[in-house]
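Please keep the structure open while reading.

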Amino acid sequence: MATIKVGMLGIGTVGQGTFRVLTMNYDKILASTGLDIQITKIYNRHPELDRGVDVPEGVYTTDVNDILKNPDIDIVVELIGGVEPASTFIKTALENGKSVVTANKAVIAARGQELAQIAMDHHVLLRFEAAVCGGIPIITSITTALLSNHFEELQGILNGTTNFILTKMEEEGLSYQEALGMAQEKGFAEADPTADVDGLDAANKLSILISLVFGISAPPAQIPTRGISNVSSIDMDFASEMDFRIKMLASAKEENGKVYAAVSPALVPVDHPLASVANEFNAVFLTGNAVDDLMFYGRGAGAMPTGSAVVGDVIGVARKFEKDSDYDLVPQLRYDGGLDFAGEGSGRYYVRMTAPDQPGVLGRITTILGWHNISIDTVVQRPQKKAKGQSSTAPGSATLLFIFQKAEKKVIDRALSEILLDKAVTSVENVMRVVEE
């Protein structure tokens with residue numbers, strides 16, 4: 001029986017879940033693996049606070065070096081979040097000969113290449129299953145059982161908060177603000193939900209998946225990203241009438257030696273597997289040249305699902321120790337795929353505009369679209385109510401809802417800018433990708 005000593009950085013939500021999973025399933029893990037995995041130190045800046053877990057006396061420490069530079073610690077589990085000081089802590093642990101398991105998507109997206117190289121240089125491991133989609137074993141699957149595939153496309157619902165909000169808007173008719181408030185009440189959204197609702201969290205996760213699937217670097221800041229705050233009941237109603245559901249999608253596709261990617265709300269056909277993913281659940285839909293279509297589905301966040309993924313990585317690292325093969329010859333993160341990252345690319349798009357309700361407006365819009373070779377698949381006009389006190393004979397406004405046929409996103413953006421400059425419309429309120437059936 002091998003004894004593996006673990007030092008944990010942080011005892012927040014994921015830290016508590018990790019501690020619970022390892023302690024409640026200790027006997028099962030021991031019987032299945034022969035590994036005696038012990039959390040011997042936990043870095044906790046405020047040990048006086050009740051964390052809801054029964055931590056033995058002497059395990060907490062307020063000095064991070066009691067873990068990072070402790071010769072008795074085999075594996076460091078980083079669960080404090082954020083890029084710094086987490087990145088520095090991980091680097092120090094690796095340089096001191098300790099393998100690291102982390103749930104920190106921001107660190108892996110920003111510094112993964114550097115940290116993976118440090119791990120290889122020091123013959124230790126860096127593992128990060130919990131950084132993408134919580135308890136869903138997507139990273140392990142891509143890097144093991146599915147490694148023989150050439151992947152053509154990935155699409156994912158990678159953020160449970162935005163999926164919960166959009167589900168409540170669709171199913172209960174709530175406004176965006178009402179659904180956000182419900183998500184905050186239930187603990188799915190933070191007091192400051194920016195990282196979730198603006199798509200930043202999903203962009204970090206997509207960046208990691210692009211490295212694993214396509215072997216290239218796509219920094220989160222370079223991935224075109226749009227949030228869900230502009231989604232309204234008008235969009236929801238139109239989507240339903242046209243047999244779509246609105247989902248916050250992270251997508252990447254290889255085409256002609258280039259990888260195109262984006263994070264944005266999208267109209268998903270109701271018969272697409274991702275359309276049925278509701279509430280706080282996550283899913284990743286992959287297309288490989290051998291396995292064809294696969295979907296991974298489950299809880300993408302939360303203490304216990306994420307803790308399960310963390311402990312799974314700890315067991316995987318510990319098993320390598322046992323076999324005396326405790327480092328990677330090739331890192332899981334890859335940047336040698338020989339492909340170019342080329343932004344958002346082309347597709348069908350839904351656009352919502354507000355325009356004066358008067359003759360000739362639609363003609364001016366279609367003329368400008370024609371100059372850019374953008375064809376219209378669907379157009380619906382809906383009159384808006386006149387403002388209070390406005391004369392019944394005064395021109396009002398109309399909402400125009402379009403689905404464009406396939407075009408490059410940058411071309412659509414240029415056309416919409418010209419339409420606004422021409423004053424053919426008052427405003428462009430929303431632009432969303434339309435997923436192909």
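What volume does the second largest pocket have? The answer is about 670 Å³. The model is a predicted one.

**Pockets and cavities**

| Space | Volume | Lining by class |
|---|---|---|
| Largest pocket | about 1400 Å³ | 19 nonpolar, 19 polar, eleven charged |
| Second largest pocket | about 670 Å³ | 15 nonpolar, eleven polar, seven charged |
| Largest cavity | about 60 Å³ | nine nonpolar, one polar, one charged |
| Second largest cavity | about 40 Å³ | seven nonpolar, one polar, no charged |

Start with the largest pocket, which holds about 1400 Å³ of space. Its lining counts 49 residues, and T13, V14, K105, E190 and A301 are the closest to the centre. Six elements are listed as giving two or more residues to this lining: α1 (13–24), α5 (105–121), α7 (160–172), α9 (194–197), α10 (200–214) and α12.

The second largest pocket is lined by 33 residues. Nearest its centre lie I139, I142, T143, T144 and Q332. Two or more lining residues come from each of α6 (138–143), α10 and α12. Helix α12 gives the most, with seven residues.

A search of the whole structure turns up two cavities of 30 Å³ or more. Around the largest cavity sit A116, A119, M120, V124, L125, L126, F128, D328, P331, Q332 and L333. Helix α5 gives the most to this lining, with three residues. Q332 also belongs to the residues nearest the centre of the second largest pocket.

The second largest cavity is lined by V6, M8, T18, L22, I39, V77, V311 and V314. At least two of its lining residues come from each of β1 (2–9), α1 and α12.

**Helix packing**

Two packed helices are described by the angle between their axes and the distance between the axes. How do α2 and α12 cross, and at roughly what angle? The axes of α2 (residues 26–33) and α12 (residues 303–322) come within 12 Å and cross at roughly 35°. The crossing is right-handed. From α2, the contact uses I29, S32 and T33; from α12, it uses V311, I315, R319 and E322. By class, these are three nonpolar, two polar and two charged residues. V311 is also in the lining of the second largest cavity.

**Aromatic pairs**

The structure holds five aromatic pairs. One of them joins F281 and Y297. This pair is stacked, with 5.1 Å centre to centre and 5° between the planes. F281 lies in strand β10 (residues 281–288) and Y297 in strand β11 (residues 292–299), so the pair ties together parts that are 16 residues apart in sequence.

**Backbone**

Most residues other than glycine have a negative phi, and most peptide bonds are trans. Two sites deserve a look on that basis.

Which peptide bond is cis? The bond from E84 to P85 is, with omega near 5°. P85 lies in the loop between β4 (75–78) and α4 (86–95).

The other site is H123, a residue other than glycine with a positive phi, near 55°. H123 is found in the loop between α5 and β6 (126–127).

How values were computed
Residues numbered from 1 in each chain as written. Predicted model: local features only at pLDDT ≥ 70, side-chain atom pairs only at ≥ 80, totals over all residues. Heavy atoms only, no water. Axes fitted to C-alpha atoms, helices over the stretch in contact; angles between N-to-C directions. Helix = DSSP H or I, 4+ residues; strand = E, 2+ residues; numbered from the N terminus. Left-handed = near helix turned anticlockwise from the far one by under 90°. Contact = heavy atoms within 4.5 Å. Nonpolar A, V, L, I, M, F, W, Y, C, P; charged D, E, K, R; others polar. 1 Å grid on protein atoms, 1.4 Å probe; cavity = no way out; pocket = protein on both sides within 12 Å on 5 of 7 lines; lining within 4 Å. Points joined across faces, edges and corners; volume = space filled by probe spheres on them. Phe/Tyr/Trp six-rings, centres within 6.5 Å; stacked < 30°, edge-to-face > 60°.
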